[in-house]
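Dear colleague,

Here is the structure I said I would pass on. My notes on the fold, the helix packing and a few loop residues follow.

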Amino acid sequence: MRAAACWIAVLACAAVPALAEAVKDLPRPTDYVSDIAHVMSDSTKAQLNRLCGEVDHEAHAQIAVVIVNSLDGESVEQYAVELEDAWKVGPKGTDRGVIVLLAVKDRKRFIGTGYGLEGILPDGKVGDIGRQMVPLLRNNDFDGAVTLAVDEISQII
């Protein structure tokens with residue numbers, strides 16, 4: 001009887017969507033890479049934070065990488081808009097920011113650019129970058145996928 005009660009409790013907890021992260025509940029970023037899902041290596045995060053810092057200081061544009069477990073039922077596009085509204089990616093008054101968003105459990109990705117970068121990073125170009133990420137993401141190579149995206153975006157900026 002006790003074992004059955006334990007299994008019922010385990011199954012009930014498993015049914016709760018505990019991995020969803022609403023934008024309002026996300027911790028404020030402390031660097032350019034916010035790996036809330038904990039799927040990237042520390043060395044890759046450090047390397048990407050350095051590269052994003054260089055872009056920020058040299059080109060006055062910010063690249064924010066955000067990896068969550070789930071989009072909390074939102075579309076990936078809407079989640080990115082809410083994230084941009086909450087975090088204000090890009091130097092103040094320039095709208096020169098890019099968000100690279102991955103939702104691991106939802107298997108969604110999105111690259112959103114601010115108006116100040118749309119001329120050099122139009123939808124077609126960021127779509128190409130996103131499609132290049134897909135084989136790596138299918139293999140759960142988050143380090144490789146994010147590095148590819150940030151490298152391509154930083155070279156363009």
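**Overall fold**

Read from the N terminus, the elements of the chain follow the order α-β-α-β-α-β-β-α-α. That comes to 5 helices and 4 strands, where helices (H or I, at least four residues) and strands (E, at least two) are DSSP runs numbered from the N terminus.

The model is predicted: local features need pLDDT of at least 70 and side-chain atom pairs count only at pLDDT 80 or more, while totals for chains, interfaces and linings use all residues. Residues are numbered from 1 along each chain as its sequence is written, and side-chain values use heavy atoms, with hydrogens and water left out.

The chain has 157 residues, of which 41% count as buried. Buried means under 20% relative accessible area, exposed over 50%, and partly exposed in between (1.4 Å probe, protein chains only). The accessible surface is about 8800 Å², and 54% of this belongs to carbon and sulfur atoms; the areas come from the Shrake-Rupley method with a 1.4 Å probe, and for residues only the protein chains shown count as cover. Of the contacts (heavy atoms within 4.5 Å) between residues at least 6 apart in sequence, 64% join residues at least 24 apart.

**Helix packing**

Two packed helices are described by the angle between their axes and the distance between the axes. Axes here are lines fitted to C-alpha atoms, for helices over the stretch in contact, and angles run from 0 to 180 degrees between N-to-C directions. Angles under 35 degrees count as roughly parallel, over 145 as roughly antiparallel, 65 to 115 as roughly perpendicular and the rest as oblique.

The axes of α4 (residues 123-138) and α5 (residues 142-156) come within 8 Å and cross at roughly 160°. The two helices are therefore roughly antiparallel. On the α4 side the contact is made by K125, I129, Q132, M133, L136 and L137, and on the α5 side by F142, G144, A145, L148, A149, E152, I153 and I156. By class these are 10 nonpolar, 2 polar and 2 charged residues. Nonpolar covers Ala, Val, Leu, Ile, Met, Phe, Trp, Tyr, Cys and Pro, charged covers Asp, Glu, Lys and Arg, and the others, Gly among them, are polar.

α5 also packs with α2, at an angle of about 10° and with the axes 11 Å apart. That makes α2 roughly parallel to α5. T44, Q47, L48, L51, C52 and V55 of α2 make this contact with D143, V146, T147, V150, D151 and S154 of α5. The contact of α2 with α5 has 6 nonpolar, 4 polar and 2 charged residues.

**Loop residues**

Two residues lie in the loop between β1 and α2: H38 and S41. H38 is exposed, at 67% relative accessible area, and S41 is partly exposed, at 25%.

Most residues other than glycine have a negative phi. D72, not a glycine, has a positive phi of about 60°. D72 is in the loop between β2 (62-68) and α3 (76-87) and is partly exposed at 40% relative accessibility. N140 also has a positive phi, near 55°, and sits in the loop between α4 and α5.

Regards
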